[in-house]
Amino acid sequence: MFSKFFALPPGDLLRDAVYRRLWSSILISSLGGQITMLALPLTAAVLLQASPTQMGWLQAMEILPFVLFSLPAGVLLDRVRKLPVYIAGESLLALAVASVPLAAWLGHLGMGWLYVVGFVLGCVYTVAGSAAQIVLTQVVPRERLVEAHAKNALASSGAEVAGPGLAGALIKLFGAPLALAVDAALLLVSAVILRGIQVKEALVERPDQHFWQELKAGLQFVRERRLLVSLATATGSWQLFHNAALVVQILFATRELHLSAQTVGLSYIALGAGTVLASVFGHRISRRIGPGPCLVLGYAACGLGWGQLALAPAGPGGVISFGLMLFAFGVGAVLIFINFLSLRQAVTPAPMLGRMTSTMRWLILLPAGPGALIGGWLGEHVGLRAALGFAGAGACLLALWAWRHEVIRGVRELPQPVEVATA
């Protein structure tokens, strides 16, 4: 009876052994990521008593590698096999997060150490994160990319449901720094799973390869496609508002709403619930209304969540409001990225995927660093509510602009890749 209930429908992507292994790695890595997402800022905010400006700099240090290395990483990725880069990245992440409890044990932990760890994390996300997105296109047919991204989001969502409770319990029992050791172990398990994946990748070697010409070709490819330019503009703006809210939301929960570290961790279950809901129904929504309108819906959901939290009172109402913000963000972020990633991959020929991926990530994360610094400055000099209000109002205005922008609103199905000479 139970086997029939949990049986996968015919043709489901999880019936494919290679994709199932990739999906399992994403699930385990995401579970560990939930611990880091809570434990790292809580270590700064509670243990090291970081100011809003310092929290902004911590977030900016994670973003800086995208600005510095995204474009050259794209050229590199188009010349090498992506899966080994992905595996190496998971292993390096494990070492970086494990260094935090080690530094605490040795008595050397401070904001400077966390800045370095944040920078290393950003470097891995820049290179190995791009490689991971390309590996998916090697495992899954292009016409099923939205479905695959939705299933990947479901794996992350499952982690976001279980992860915050686990993180909260670990932080309460051992403290935030030591909880990161569990994330390190999970990342190593993820790397081991990835080593068992077999993908076929044909690298095209050309005698006339030139680093700067190839980098320029990636920029030119994106610049010549209105859809990619519009996606970069809209999602880059969303990243600015997202990071402005992100740097203050833990401070707001602990200092304005007076939530304990464990309560903050349990509140993040609402984030998991939102991502599960959007992961299950996001593919259907995108198919019904189109990837473009689905993006707009995601921007609006995030903006409304941040805006209502800016008005939240302390007490039980504040706890509910904080959970509601996380739920709205979970729904919105999944709707944004399953469509954003699918659209940009669908329109790009295979030889250009590395450069396109890194160029797009560079473009959308350029505003993220300023967003984190703006949020930190507003939080320290105007008030934590002001930073949240700025993010909420900005994201809602972004949704209105995107809805009025025909290039985004008019996308009702995935486009086909167009082969170009620069590829």
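View 1. Phe 340 is buried, with a relative accessible area of 0%; buried means under 20% relative accessible area, exposed over 50%, and partly exposed in between, computed with a 1.4 Å probe on protein chains only. The structure is a predicted model, in which local features need pLDDT of at least 70 and side-chain atom pairs count only at pLDDT 80 or more, whereas totals for chains, interfaces and linings use all residues. Residues are numbered from 1 along each chain as its sequence is written, and side-chain values use heavy atoms, with hydrogens and water left out. Ring pairs join Phe 340 with Trp 238, Trp 306, Phe 329 and Phe 337 in a cluster. Rings of Phe, Tyr and Trp (its six-membered ring) pair if their centres lie within 6.5 Å; planes under 30 degrees apart count as stacked, over 60 as edge-to-face and the rest as tilted. By this rule there are seven aromatic pairs.

**View 2. Two ring pairs that share Phe 337.** A pair of aromatic rings is described by the distance of the centres and the angle of the planes. For Trp 238 and Phe 337 the ring centres are 5.6 Å apart and the planes stand at 70°, so the pair is edge-to-face. Trp 238 belongs to helix α9 (residues 226-256) and Phe 337 to helix α13 (residues 316-346), so this pair ties together parts that are 99 residues apart in sequence. Helices (H or I, at least four residues) are DSSP runs, numbered from the N terminus. Trp 238 counts as buried at 1% relative accessibility, while Phe 337, at 24%, counts as partly exposed. The rings of Phe 337 and Phe 340 have centres 5.9 Å apart and planes at 90°, so this pair is edge-to-face as well. Phe 337 and Phe 340 are three residues apart in helix α13 and are thus separated by about one helical turn.

**View 3. The packing of helix α2 against helix α4.** Helix α2 (residues 17-47) packs on helix α4 (residues 82-106) at an angle of about 25°, and the axes are 12 Å apart. Axes are lines fitted to C-alpha atoms, for helices over the stretch in contact, and angles run from 0 to 180 degrees between N-to-C directions. The two helices, α2 and α4, are therefore roughly parallel to each other; angles under 35 degrees count as roughly parallel, over 145 as roughly antiparallel, 65 to 115 as roughly perpendicular and the rest as oblique. Their crossing is left-handed, a term used if the near helix is turned anticlockwise from the far one by less than a right angle, with right-handed used if clockwise. From α2, the contact draws on Leu 22, Ser 25, Ile 26, Ser 29, Thr 36 and Leu 40, and from α4 on Tyr 86, Glu 90, Val 97 and Val 100; contact means heavy atoms within 4.5 Å. These residues of the contact of α2 with α4 comprise six nonpolar, three polar and one charged. Ala, Val, Leu, Ile, Met, Phe, Trp, Tyr, Cys and Pro count as nonpolar, Asp, Glu, Lys and Arg as charged, and the others, Gly among them, as polar.

**View 4. The packing of helix α2 against helix α5.** The angle between α2 and α5 is about 160°, and their axes are 13 Å apart. These helices, α2 and α5, are therefore roughly antiparallel to each other, and α2 passes α5 in a left-handed crossing. On the α2 side, Val 18, Tyr 19, Leu 22, Leu 40, Thr 43 and Ala 44 meet Met 111, Leu 114, Leu 121, Leu 136 and Val 139 of α5. The contact of α2 with α5 has ten nonpolar residues, one polar residue and no charged residues.

**View 5. Ile 134 and its surroundings.** Ile 134 lies in helix α5, which spans residues 111-139, and counts as buried at 4% relative accessibility. Setting aside residues up to four places away in sequence, Ile 134 touches Leu 77, Lys 82, Leu 353, Gly 354 and Thr 357. Between Ile 134 and Ala 350 there are 9.1 Å in space, C-alpha to C-alpha, although they are 216 residues apart in sequence.

**View 6. Two loop residues with positive phi.** Most residues other than glycine have a negative phi. Gln 49, not a glycine, has a positive phi of about 50°. Gln 49 is placed in the loop between α2 and α3 (52-77) and counts as exposed at 56% relative accessibility. His 258, also not a glycine, has a positive phi of about 60°. The loop between α9 and α10 (261-267) holds His 258, which is exposed, with a relative accessible area of 59%.
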